[in-house]
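Hi,

Here is the structure I promised to pass on. Have a look at it first, and my notes on what turned up follow below.

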Amino acid sequence: MLRVTLFGLLMLVAVAPVVAADPRPNVLFLLADDWRWDTLGCAGNPVVKTPHLDALAADGFRFTHCRVTTSICCVSRASILTGQHMARHGIDRFGVPPAPAAWKETYPAVLRAAGYWSGFVGKFGVGKPPAGGFDFQRVYEGKHWLPSGVHVTEQNARDALAALKERPKGKPFALSVSFFASHAEDSAPEQYLPQPWSAKHYEGVTVPVPPTATEAHFKRLPPFLATELNEGRARWRKRFDTPAKFQRAMTDYYRLATEVDEAVGRLVAELKAQGVYDTTLVVFTGDNGYFHGERGLADKWFPYEEALRVPLIVRDPRMAKERRGKSSDAMVLNIDLAPTLLAAAGAALPAGMQGADVSPHYLAAGPPAWRTAFYYQHPVILGKDRIPSSEGVVRRDATYTRWPDFDFEELYDRSTDPREETNRAADPAAAATQAAMRKELSALRDGAK
C-alpha cells in the first residue's frame, strides 16, 4: 500500500514548478460597420443610445479624431489587418484577400504565431479568411436578417460569446468581432432592418437634419460629383430624399447601433464573469465614416470629414486610473490599430507596417510626437462616374484633394471652415497653401508605397 505522509505532501508542493500566468493581455477587437465618429452618446450625439460603449469609454480612453486612410470597407479592413496604406497592401476592390505571404504579417496571424488563441466572428470584408487562419471562425455578412431568422447582430453576439466560452484557458486570446451593423442592406427596399426590441429606445425621437444636407451643398460639389450618376447621390435617393425617409432611415440606423452596443455590453459582461476583463485589451472602432445626408449624399468614399472620421475607444489594462475617461484629439489612423495590438502583446511588428502604436497617448507622462498630416487615397469603384478615384492630404487645419480622373482640386481651410463648404483651390489668397500641400501630397504618396 502506498503511503504519503504530510511531510511528503509538503515536499511535493515545495518542489512542484510554479507556472506563472502569461503576462500578455488578451485582445478583444470590436469593429462596427459604417459608424462615423459621432455615432456614440459619449461623442455628444443627442439621439443615439450607446450606454455600454459610453461606459467603456469612461473606463478607457477615447480618440476623438481617428480617421481612415481609405473610406470603403474592403480597403479599410485590409489596412486594419496589415497596418498599411492601400498603396502598399494593394487591395483596392472587393473579394480580394491578402496573399499568403501578406497574411502572415497581419495582426491576427502575428498574434497567433506568438502563441495567442485566435478567433474571428462576423464580416471579414476582405475576400475570405485563409483556410485555418483562425482557431475559431464564423464568417457571414450582407443581410440584417439571416436565413435562420436570427438578426445578424444577435448572431454576432452569440458567436462571440461562444468563442469566449470555448477558448482554451491556458493561453491568451485574440478575438476579433466584426459587426455588419449599421451597414445598409443595399438591395432591400428598407435599407436598415433592426430588431423589434430596439424600437422602444427611439419612441418620439426626431433626428436633427445636418445643416449641410441641402440641395445647395450638393450643387457645390465638384461638377462630376454633383450628378445623379454619383453612387452617393443614388443611395441618398433611397434613404434621405424626403423628410419622412430621412427620419425613418436615421432612426433605424441608430437602432442598429444600439443593438451593437447591447452586444458589446454582453461581451464585456462575459469578460468580467470569466475574471479576465482587467487583463484584456478592448478596442472598438469603425471601418469608415458615413454621410447622413450631408452634401446631398449617403454612404462614404469621398474625402470629406463625414466619410473619414470614425470612433476609437481603447480600454487597456496598463492604463492608470487617472487616465481613464480621458480623450485625445491626436490624428490617429486605422493603420495604427495593428501596431497597437501587437505592441501591447509584446510581438515584433512586421517591417511593412506603416502605422504606429497609439498607447503612448494614454500611457506616457506627456503626449508623444505625432503625425500632423496623413495621405488619403481611394480607388475607382463601379466606374469613375459613380465613385471616382481621389487622393489628398488631411491636416488639422486644412484638407487638400486631387481628383486624378478629372484633373480637379479642392482646398478647404478647416480652421475657418470646419464643414468644408468653400473650395479655395481657385482663390489667389490660398495659392501658397495649395502649393505647399501639393508638395506634401507628393511626399506622403511616396511614403505610403
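Let's start with a helix pair: in α2, Pro51, His52 and Leu53 meet Asp261, Glu262, Val264 and Gly265 of α10, where contact means heavy atoms within 4.5 Å. Sorted by class, this contact of α2 with α10 has three nonpolar, two polar and two charged residues. (Ala, Val, Leu, Ile, Met, Phe, Trp, Tyr, Cys and Pro count as nonpolar, Asp, Glu, Lys and Arg as charged, and the others, Gly among them, as polar.)

Before going on, some ground rules. This is a predicted model, where local features need pLDDT of at least 70 and side-chain atom pairs count only at pLDDT 80 or more, while totals for chains, interfaces and linings use all residues. Residues are numbered from 1 along each chain as its sequence is written, and side-chain values use heavy atoms, with hydrogens and water left out. Helices (H or I, at least four residues) and strands (E, at least two) are DSSP runs, numbered from the N terminus.

Back to the helix pair. Helix α2 (residues 51–58) packs against α10 at an angle of about 55°, and their axes are 7 Å apart. That makes α2 oblique to α10; angles under 35 degrees count as roughly parallel, over 145 as roughly antiparallel, 65 to 115 as roughly perpendicular and the rest as oblique. Axes are lines fitted to C-alpha atoms, for helices over the stretch in contact, and angles run from 0 to 180 degrees between N-to-C directions.

Now the eight-stranded sheet. It is open, with mixed pairing and the order β5-β4-β6-β1-β7-β11-β2-β12; two strands pair if DSSP finds at least two bridges between them. The edges are β5 (136–139) and β12 (326–328), each with a single partner strand, so one side of each has no neighbour in the sheet. Further in, β1 (residues 26–32) and β7 (residues 280–286) pair in the parallel sense over seven bridges, and Leu30 has Phe284 in β7 as its bridge partner. Helix α10 (residues 243–273) packs on this sheet as well, touching β1, β6 and β7, and its direction makes about 175° with that of β1.

Another helix, α7 (residues 152–166), lies across β4 (117–122), β5 and β6 (173–178), running at about 175° to β5. How many of the 15 residues of α7 are buried? The count is 12, with buried meaning under 20% relative accessible area, exposed over 50% and partly exposed in between (1.4 Å probe, protein chains only). What covers them includes β4, β5, β6 and α10.

There is also an open sheet of four strands, β13-β14-β15-β16, with antiparallel pairing. Its neighbouring strands are turned by 10° against each other on average, direction ignored. Strand β15 (residues 398–403) pairs with β16 over six bridges, and Thr399 has Tyr412 in β16 as its bridge partner. Helix α14 (residues 431–448) packs on the sheet, touching β13, β14 (390–395), β15 and β16.

Finally, a few backbone details in the loops. A cis peptide bond joins Ala181 and Ser182, with omega about 10°; Ser182 is found in the loop between β6 and α8 (215–219). Asp34, in the loop between β1 and α2, has a positive phi near 60° and is buried at 0% relative accessibility. Arg295, between β8 (291–292) and β9 (298–299), also has phi near 60° and is buried, with a relative accessible area of 5%.

Cheers
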